[in-house]
Amino acid sequence: MLGQILVFGILVGALYGLVALGLSLVFGVTKILNVAHGELVMLGGYASFWAFSLLGLDPYLTIIISFVFLFLIGAFLYRLIFSRTVKLPEETKIKNTLLVAFGLSIILQNLALRFWTADERGITASYLGTAFTVLGIRFPVVRLANLVVAVFFLVALQLFLRKTYTGKAIRATVQNWEAASLMGINIHKVYLISFAIGAALAGVAGTLVAVNYSIQPSMGLTWTLKALIVMVLGGLGSIPGTLVGGLILGVTESTTSYFISSNYREVAGLVLFLLVLIFRPQGLFGVKEG
Amino acid sequence: MLSIEKIDVYYRELQALWEISLEVNEGEIIALIGPNGAGKTTTLNTISGLLKPAKGEIRFLDKTIGKEPVNKIVELGISQVPESGKIFAGMSVYENLELGAFVPKARKEKKQSLERVYEIFPRLSERQNQQAGTLSGGERQMLAIGRALMSKPSLLMLDEPSFGLAPILVEQMFEMIKKINQQGVTILLVEQNIQAALDLAHRAYLLENGRIVGQGTAKDLISFESVRSSYLG
């Protein structure tokens with residue numbers, strides 16, 4: 001039974017890691033704490049839902065649509081809103097981006113409500129109910145896919161940052177933006193691309209949420225919170241750390257649900273969050289500044 | 001080659017440079033000297049396009065570049081080594097150099113540029129896969145200069161290349177700068193180490209409080225009263 005709980009925790013945790021991946025990338029590069037990240041997950045969910053129900057695409061194929069759609073939305077939001085706040089001096093910048101992102105989350109929620117009503121929607125395809133059993137442990141296809149998709153995008157992001165010129169420009173900007181701009185790297189373009197990729201990753205997570213659970217306009221805050229917890233657990237700036245952080249949160253939640261009560265699931269996550277902040281503020285895998 | 005005419009530069013409301021004019025001819029080594037806060041770095045940052053002049057004109061190879069973005073200026077052939085190097089510490093030596101050739105024009109000739117940099121700084125070639133953050137102070141400075149050379153500049157601007165180096169390394173550093181200059185790269189040098197800078201440079205400008213207060217050959221400046229009293233004792 002314990003094995004089953006661990007496996008479930010890990011498979012759900014992979015999704016948490018994916019949700020946090022985009023938030024962490026955006027924060028690491030631009031220092032924008034985008035508290036509207038959960039709303040971007042929601043938009044990704046709807047993009048997939050409509051692609052699935054109107055075009056009849058396979059649920060996992062709709063990932064392409066949610067990725068591209070949210071990439072564009074991210075680029076648009078950065079141009080329209082965040083490009084103005086990142087230019088501010090450090091302290092004002094953090095305050096203002098937080099406020100702006102919070103306002104944005106409310107706007108996106110209400111737009112979604114207006115366009116798609118408050119009805120819960122979900123993606124259910126024929127094969128989604130199936131499961132494998134290995135050594136007496138059940139592996140539902142849907143949950144297993146979380147891990148596959150999360151690892152795929154994690155590796156892809158890592159390769160992008162390490163192997164491509166654009167990726168290297170992003171890393172250089174994080175390490176020393178002044179030197180990076182002296183190389184002729186356009187810092188604002190780096191920020192724009194990073195924000196758009198962060199949004200696109202939120203979109204992919206949205207697809208998984210629509211397949212695993214259900215989507216509705218007000219779902220964003222829950223996912224923003226989870227992403228924040230995972231980001232702090234994993235450590236800022238550590239991409240593999242983000243996935244591990246997600247797995248830890250997933251396992252904490254699943255064991256709490258089993259041994260205590262599922263009502264306390266979220267509480268356990270927040271307690272873990274506080275403990276990490278108190279005893280290891282740089283996160284489990286983060287490196288100290290400098 | 002580079003000619004600056006009466007530029008005023010501001011940080012927000014604060015004026016940092018007043019009517020700075022200077023001239024750099026092809027093949028020269030020009031030193032920009034003066035006390036801390038005189039505006040030496042600000043001048044370099046303005047030439048490289050990080051800051052924009054509020055008034056005045058900057059011309060490079062007969063083009064007005066005062067309003068151009070940094071990447072355009074790098075492509076035209078100006079490259080700046082920032083103060084204390086500012087290498088990308090978390091990346092390998094090779095990746096640092098690669099980023100030096102970021103602009104499209106330089107990227108096409110990355111291979112030749114890399115060979116040239118390794119020839120000037122063989123140490124960098126030995127350490128190419130090492131993390132830049134693990135290099136010694138002198139090696140970091142070499143990497144910063146090598147990185148700047150990767151864009152194939154015709155004008156190289158160095159901001160205090162001797163900063164924080166042991167005296168023997170300072171001497172080596174100035175030898176290397178001389179060597180780079182002999183290969184046909186014009187050099188604009190900002191230095192606190194006045195004596196060494198004046199020994200190396202063909203001409204120099206003295207900056208104080210955001211204004212040019214003296215200029216001439218190294219000899220002229222050494223005899224300049226305020227330089228003597230403030231820096232050479």
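I began at Glu160(B), which is buried, with 21 other C-beta atoms within 10 Å. My cut-offs: buried takes 20 or more other C-beta atoms within 10 Å of a residue's own, exposed 12 or fewer, partly exposed lies in between, and C-beta atoms are placed from the backbone. Phi of Glu160(B) is near 50°, a positive value in a residue other than glycine. Glu160(B) sits in the loop between S7 and helix H8 (167–182) of chain B. Helices (H or I, at least four residues) and strands (E, at least two) are DSSP runs, numbered from the N terminus.

**Source and confidence**

I am working on a predicted model: local features need pLDDT of at least 70, side-chain atom pairs count only at pLDDT 80 or more, and totals for chains, interfaces and linings use all residues. Residues are numbered from 1 along each chain as its sequence is written, while chains are lettered from A and ligands numbered from 1 in the order in which they are written. I noted a mean pLDDT of 90 for chain B, with 96% of its residues at 70 or more. pLDDT is the predictor's confidence in each residue, from 0 to 100. The model scores are ipTM 0.87 and pTM 0.89.

I looked up Lys152(B) next. Its phi is positive, about 55°, although Lys152(B) is not a glycine. Lys152(B) lies in the loop between H7 and strand S7 (155–159) of chain B. Is Lys152(B) buried or exposed? Lys152(B) is buried, with 20 other C-beta atoms within 10 Å.

**Chain B overall**

I counted eleven helices and ten strands in chain B. Its C-alpha atoms fill a box of roughly 50 × 40 × 30 Å along the principal axes. A compact globule of 233 residues would have a radius of gyration near 17 Å, and chain B agrees with 17 Å. That radius is taken over C-alpha atoms, and the globule rule is 2.2 Å times the number of residues to the power 0.38. Of the 233 residues of chain B, 48% are buried. I also checked contacts between residues at least 6 apart in sequence: 66% join residues at least 24 apart. Contact requires C-beta atoms, placed from the backbone, within 7 Å.

**The sheet**

I traced an open sheet of four strands in chain B, ordered S2-S1-S4-S5, with antiparallel pairing. Two strands pair if DSSP finds at least two bridges between them. The edge strands are S2 (14–24) and S5 (63–64) of chain B, each pairing on one side only. Two bridges join S4 (55–60) of chain B to S5(B). In one bridge, Phe60(B) has Lys63(B) as its partner. Helix H1 (40–47) of chain B packs on the sheet and touches S1 (2–11), S2 and S4 of chain B; its direction makes about 70° with that of S2(B). Axes are lines fitted to C-alpha atoms, for helices over the stretch in contact, and angles run from 0 to 180 degrees between N-to-C directions.

I then turned to helix H3 (93–100) of chain B, where seven of eight residues are buried. Among them are Val93(B), Leu97(B) and Gly100(B). Their cover includes helix H6 (165–175) of chain A, together with H5 (110–120), H6 (122–126) and H7 (137–149) of chain B.

How many residues of chain B are in contact with chain A? I found 19, which meet 14 residues of chain A. H2 (70–76) and H3 of chain B are the elements that give two or more residues to this side. The residues there divide into ten nonpolar, five polar and four charged. Nonpolar means Ala, Val, Leu, Ile, Met, Phe, Trp, Tyr, Cys and Pro; charged means Asp, Glu, Lys and Arg; the others, Gly among them, are polar.

Definitions and conventions:
Contact = placed C-beta atoms within 7 Å.
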